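Subject: Structure for you to look at

Hello,

Here is the structure I said I would pass on. Please open it next to this email and follow along; my notes come after it.

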Amino acid sequence: MQQALTPRPVTLDLGGLTAKTWAYDDSSMGVLRGTAGDLFRITVDNQLPASTSVHWHGVRLHHAADGVPGVTQDPIEPGTSFTYEFVAPDPGTFFFHPHSGVQLDRALYAPLIIDDPDEPGPMTTNGSWSSTTGPTAWAGARTRSSRISPRRTARSRWEWATGTCAT
């Protein structure tokens, strides 16, 4: 699975309310999806005004791909790129985010769905199996209590954008 992520400043429309923030694409929730056992090759092209990284939260991977600046890698400086390569060993619903400053607080995170190769395909919100990707697939993804949930993500982004989140 080969994919590019471009963290950059964006203005999001949250149902009539706009918010200036940072994102990996032009929507509020880019989704990365692959299959357990796949080689993930993710190139991060940093278009932010600050250095960044990507941590693959909950994914078992080798130390060099863990995405912690100053510990497992040098930060990805503005205007530069870095390619993460790892095999995703386990199916599940995970998420990715930076370990740099307040970037996570600016809602710079997104889901990572790793499908089980022994299941017929991703499950949609109506319970049927489909090869659909994107928001529909994310809404129907199974979640675990220790991992991010679609409902919590939507609420957190709304609270952050409207200034109603707890401090």
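**Salt bridges**

The count of salt bridges comes to three. Please keep in mind that the model is a predicted one.

Start with Arg33 and Asp115, whose side chains meet in a salt bridge with an N to O distance of 2.9 Å. Arg33 belongs to strand β4 (residues 32-35) and Asp115 to strand β9 (residues 110-115), so this pair ties together parts that lie 82 residues apart in sequence. Is Arg33 buried or exposed? The cut-off for buried is under 20% relative accessible area. Arg33 has a relative accessibility of 15%, so Arg33 counts as buried. Asp115 has a relative accessible area of 18% and is therefore buried.

Next is the salt bridge between Arg41 and Glu85, where the closest N and O atoms are 2.7 Å apart. Here Arg41 sits in strand β5 and Glu85 in strand β7, so the pair ties together parts 44 residues apart in sequence. Partly exposed covers the range between the buried limit, under 20%, and the exposed limit, over 50%. Arg41, at 29% relative accessibility, counts as partly exposed, and Glu85, at 38%, counts as partly exposed.

The remaining pair is Asp90 and Arg60, with side chains that meet in a salt bridge of 2.7 Å, N to O. This pair links distant parts of the chain, 30 residues apart: Asp90 is in the loop between β7 and β8 (92-97), while Arg60 is in the loop between β6 (55-57) and β7. Asp90 has a relative accessible area of 27% and is partly exposed. Arg60 has a relative accessible area of 54%, so Arg60 is exposed.

**The sheet**

In what order do the three strands of the open sheet lie? The order is β1-β5-β7, and the pairing is mixed. The edge strands are β1 (2-5) and β7 (81-87), each of which pairs on one side only. From one strand to the next, the twist averages 20 degrees.

Strand β5 covers residues 39-45 and pairs with β1 in the parallel sense, over four bridges. To find your place there, look for Gln3, which stands opposite Ile42 in β5.

Regards

Definitions and conventions
Residues are numbered from 1 along each chain as its sequence is written. This is a predicted model: local features need pLDDT of at least 70, side-chain atom pairs count only at pLDDT 80 or more; totals for chains, interfaces and linings use all residues. Side-chain values use heavy atoms; hydrogens and water are left out. Two strands pair if DSSP finds at least two bridges between them. Helices (H or I, at least four residues) and strands (E, at least two) are DSSP runs, numbered from the N terminus. Axes are lines fitted to C-alpha atoms, for helices over the stretch in contact, and angles run from 0 to 180 degrees between N-to-C directions. A salt bridge is a side-chain nitrogen of Lys or Arg within 4 Å of a carboxyl oxygen of Asp or Glu. Buried means under 20% relative accessible area, exposed over 50%, partly exposed in between (1.4 Å probe, protein chains only).
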